[in-house]
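Q: Here is a structure I would like to go through term by term. For each label, please set the value against the cut-off and conclude.

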Amino acid sequence: MLYLLSALPWALCFLLGACFFSFLSVVVWRLPRREPVVRGRSHCPVCGRTLRFWELVPCLSFLALGGRCRSCGAGIPIRDFGVECLGGAAAVGCIFRFGLSPRAFLSFGVLWLLTAVALMDYDTMEIYDRFHAGLILCALLSLPLFPEVSLAGRAIGCLCVSLPMLALALAVPGGFGGGDIKLMFALGLLLGWKNTLLAAFLAILSGGCYAAVLLLRGRAGRKSQFAFGPFLCLGGAAALLYGGEILAWYTAFW
């Protein structure tokens with residue numbers, strides 16, 4: 001009984017995080033289609049039926065409905081369920097990492113924005129400026145919350161990756177998109193130069209592995225392009241939560 005009581009706050013934290021990321025799925029779906037994000041009831045994209053409140057409970061409704069619309073039987077995208085679970089895990093992870101503190105709430109907000117950027121870039125190969133603005137706002141709010149990241153480190157972080165990416169984009173058309181460059185500028189302001197370089201390294205490593213898999217499976221050629229933003233977001237999230245530990249582990253070998 002005591003075990004269940006101690007697990008209840010974590011379960012509520014998971015559910016709350018899943019709720020925020022459920023709204024994230026709505027944002028990612030509606031923005032490219034020029035639909036209002038805040039106004040308008042949630043509906044099935046196939047039959048158009050307005051969903052009831054009990055069909056909108058994150059994670060649980062998907063399982064209860066068997067992953068299908070109750071009216072038309074159309075499949076509910078498994079990605080939506082995955083995003084909701086990711087949101088719950090992000091909320092629990094931030095509280096576990098930083099405790100119940102402003103650092104945890106700000107970090108969760110950053111993870112929300114990075115997930116939105118990753119999904120939007122994957123779907124449309126475009127990153128909206130409003131997400132960059134959101135990350136810059138989070139970076140400004142982080143000034144008193146992350147005092148270990150100096151102003152000089154943040155200033156260098158803005159340019160240490162974004163500037164080389166800009167130079168490469170000018171030299172090789174299509175090398176990087178403007179959204180990727182702005183993303184690294186915003187992350188640099190948030191993370192500082194050390195963690196920004198770490199984020200870029202992790203992005204190149206994971207993106208390279210993804211490209212190699214596509215080549216081996218014959219799903220891409222040497223000149224094919226794919227969205228790099230999701231890998232930058234993945235690197236940024238890892239650097240935000242565990243950048244110090246990763247860098248300490250790496251430097252221990254030298």
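Q: What makes R97 partly exposed in this predicted model?
A: The model is predicted. R97 has a relative accessible area of 26%. Buried means under 20% and exposed means over 50%, so R97 falls in between and counts as partly exposed.

Q: How do you know that E245 and R97 form a salt bridge?
A: The closest N and O atoms of E245 and R97 are 2.8 Å apart. The cut-off is 4 Å between a side-chain nitrogen of Lys or Arg and a carboxyl oxygen of Asp or Glu, so the pair qualifies. E245 sits in helix 10 and R97 in helix 3, and 148 residues separate them. E245 is partly exposed, with a relative accessible area of 41%.

Q: How many salt bridges does the structure hold?
A: The structure holds 4. One of them joins the side chains of E148 and R103, at 3.1 Å from N to O. E148 lies in the loop between helix 5 and helix 6 and R103 lies in helix 4, so this pair ties together parts 45 residues apart in sequence.

Q: What makes D129 and K182 a salt bridge?
A: Their closest N and O atoms are 3.0 Å apart, and the limit is 4 Å, so the pair counts. D129 belongs to helix 5 and K182 to helix 8, so the bridge ties together parts 53 residues apart in sequence. D129 is partly exposed at 48% relative accessible area, and K182 is partly exposed at 40%.

Q: Why is S142 called buried?
A: The relative accessible area of S142 is 0%. Buried means under 20%, so S142 is buried. S142 is found in the loop between helix 5 (129-141) and helix 6 (151-160).

Q: What makes the pairing of S142 with R154 a polar contact?
A: The side chains of S142 and R154 are joined at 3.0 Å. A polar contact needs N or O atoms within 3.5 Å, so this distance meets the limit. Leaving out residues up to four places away in sequence, S142 touches L106, R154 and L190.

Q: Is S107 buried or exposed?
A: S107, in helix 4, has 1% relative accessibility and counts as buried. The side chain of S107 reaches the backbone oxygen of R103 at 2.8 Å.

Q: How do you know that the span of helix 4 agrees with what its residues should give?
A: Helix 4 has 23 residues, which should span 33 Å at 1.5 Å a residue. The end C-alpha atoms are 33 Å apart, so the two values agree. Just after helix 4, M125 takes a positive phi of about 60 degrees.

Q: Which residues have the most contacts inside the largest nonpolar core?
A: They are L24, L114, F131 and L183, in a core of 58 residues. Helix 4 gives the most to this core, with 13 residues. Not counting residues up to four places away in sequence, L114 touches L135, L183, L187, C233, G236 and A237.

Terms used: Residues numbered from 1 in each chain as written. Predicted model: local features only at pLDDT ≥ 70, side-chain atom pairs only at ≥ 80, totals over all residues. Heavy atoms only, no water. Helix = DSSP H or I, 4+ residues; strand = E, 2+ residues; numbered from the N terminus. Buried < 20%, exposed > 50% of the residue type's maximum accessible area, 1.4 Å probe, protein only. Polar contact = N/O pair within 3.5 Å; in protein donor to acceptor, adjacent residues only side chain to side chain. Contact = heavy atoms within 4.5 Å. Core = buried A, V, L, I, M, F, W, Y, C linked by side-chain atoms within 4.5 Å. Expected span 1.5 Å × (residues − 1).
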